[in-house]
Amino acid sequence: MKALQITGYGEFAKNLEFKEVDKPEISDNEILIKVKAVSLNPIDYKIVKGNLKELLNLDLPTGIGYDVSGEVVEAGSDVKDFKQGDAIFGRVPQEYMGTLAEFVKVDHKVMAKKPDNVKFEKAASLPLVGITAIQALSKVGLKEGDRILIHAGSGGVGSFAVQYAKEKGAIVYTTTSSSNLDWVKALGADRVIDYKNEDYKNVASDLDIVFDTLGEDYTFEAFQIIKDGGRVASIAGPPDVETAKQMGMDDYELPEKLKELIDKKSAAYKFTWMQPNAAQLNEIRKMVEDRSIRPVVDLIYPFEDAVKAFEYLAKGHAQGKVIVSL
Ligand SMILES: NC(=O)c1ccc[n+]([C@@H]2O[C@H](COP(=O)([O-])OP(=O)(O)OC[C@H]3O[C@@H](n4cnc5c(N)ncnc54)[C@H](OP(=O)(O)O)[C@@H]3O)[C@@H](O)[C@H]2O)c1
């Protein structure tokens with residue numbers, strides 16, 4: 001079968017190659033999926049660039065891609081929840097990475113049936129970003145009436161998180177640039193802040209929660225705009241100690257500056273390193289089927305142009321999700 005593989009670290013065109021590889025063989029707990037669509041996430045391009053070399057320790061060449069939607073073509077003898085022909089979607093665990101291929105195998109426990117009312121391309125846009133938003137916002141106890149700033153409402157995670165937070169009854173502020181204002185507002189945000197022309201810190205203050213999807217200074221600045229006892233959920237800043245341990249960073253300590261900011265505001269700082277989760281996928285499926293969440297797809301590339309999809313996403317200005325269709 002044809003698969004896109006990462007052969008080295010650096011430029012996409014030099015380190016991503018289409019190869020002819022064996023079709024995966026499944027064990028009793030696994031399913032084989034005929035891949036219909038894959039969505040790209042920043043982690044995919046960060047892997048190719050070598051940013052996660054130490055953390056993931058990959059044996060190259062290897063497949064690339066985590067999100068997938070497709071059709072079950074074979075199910076192991078222990079698999080009772082899926083059968084041949086089922087349309088499914090999910091984010092594969094690290095050991096199964098390699099969804100940019102004609103077929104991929106995965107443990108059935110992390111997948112779910114695809115929402116009935118959307119095509120494979122839209123279904124593939126949801127798992128990683130949707131599960132991330134749910135896990136990050138659950139960790140800080142998002143609830144009805146919370147005032148929250150979600151950074152990058154036009155990004156993959158942000159465009160899901162805005163809709164999810166509204167669905168949970170929160171009052172939602174979000175940031176994006178001028179050309180995205182209208183469509184991000186249409187996702188339901190109460191106030192869309194044009195980060196090119198407004199300082200978000202002057203617009204949103206005394207918040208219950210900041211969802212930091214940008215990292216760097218944005219992580220620290222979050223503490224200026226939360227109220228005392230507020231919460232910061234991050235997916236792009238420094239890990240918290242507990243999550244760092246789960247990621248295998250045993251000697252990790254929180255940066256001093258972050259410790260001080262947390263203390264000063266009596267705040268909670270929770271980092272999320274998303275984990276595949278079928279129950280949350282099923283929650284996403286239901287929200288898509290009852291139309292409280294709408295997948296946001298920017299561009300769809302054919303499989304042979306997958307490298308172009310990496311190049312586009314890595315520019316950092318996708319409007320929703322970037323998809324590769326097989
Ligand atoms: N820890 C985890 O488990 C986890 C999971 C998922 C993602 N992540 C990380 O979270 C980050 C976001 O992921 P993503 O999939 O949402 O990325 P993405 O879709 O590539 O984000 C692109 C969006 O970011 C917006 N943006 C860029 N700079 C901005 C700024 N200064 N202010 C506001 N918006 C800005 C862009 O809007 P404009 O074009 O208008 O600038 C664009 O729409 C990435 O670093 C990713 O690696 C971590």
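A polar contact is a pair of N or O atoms within 3.5 Å; inside the protein, one atom must be able to donate a hydrogen and the other to accept it, and residues adjacent in sequence count only if both atoms are side-chain atoms. I began with that idea, and looked up A318: a backbone N or O atom of A318 lies 2.6 Å from an oxygen atom of the ligand.

A note to myself on the source: this is a predicted model, where local features need pLDDT of at least 70 and side-chain atom pairs count only at pLDDT 80 or more, while totals for chains, interfaces and linings use all residues. Residues are numbered from 1 along each chain as its sequence is written, and side-chain values use heavy atoms, with hydrogens and water left out.

Next I checked two other contacts. In S154, a side-chain N or O atom is 2.8 Å from an oxygen atom of the ligand. In G156, a polar backbone atom is 2.8 Å from a ligand oxygen. I then looked at cover: the ligand taken alone exposes 940 Å², and the protein buries 87% of that (areas by the Shrake-Rupley method with a 1.4 Å probe).

Who else is around? I found 26 residues surrounding the ligand, and the closest are S177, Y195, T272, H317 and A318 (near means that a heavy atom of the residue lies within 4 Å). This shell divides into 13 nonpolar residues, twelve polar and one charged; Gly counts as polar, and Asp, Glu, Lys and Arg count as charged.

Why does the ligand lie between two domains? Domain 1 (2-126 + 295-325) and domain 2 (129-271) both give residues to its shell, so it lies between them. The domain bounds come from an automatic or database assignment.

Last, I visited the loop between α3 (53-56) and β4 (62-63), where I found P61 (helices are DSSP runs of H or I with at least four residues, strands runs of E with at least two). A cis peptide bond joins L60 and P61, with omega about -5 degrees. N57 lies in this loop too, and has a positive phi of about 50 degrees although it is not a glycine.
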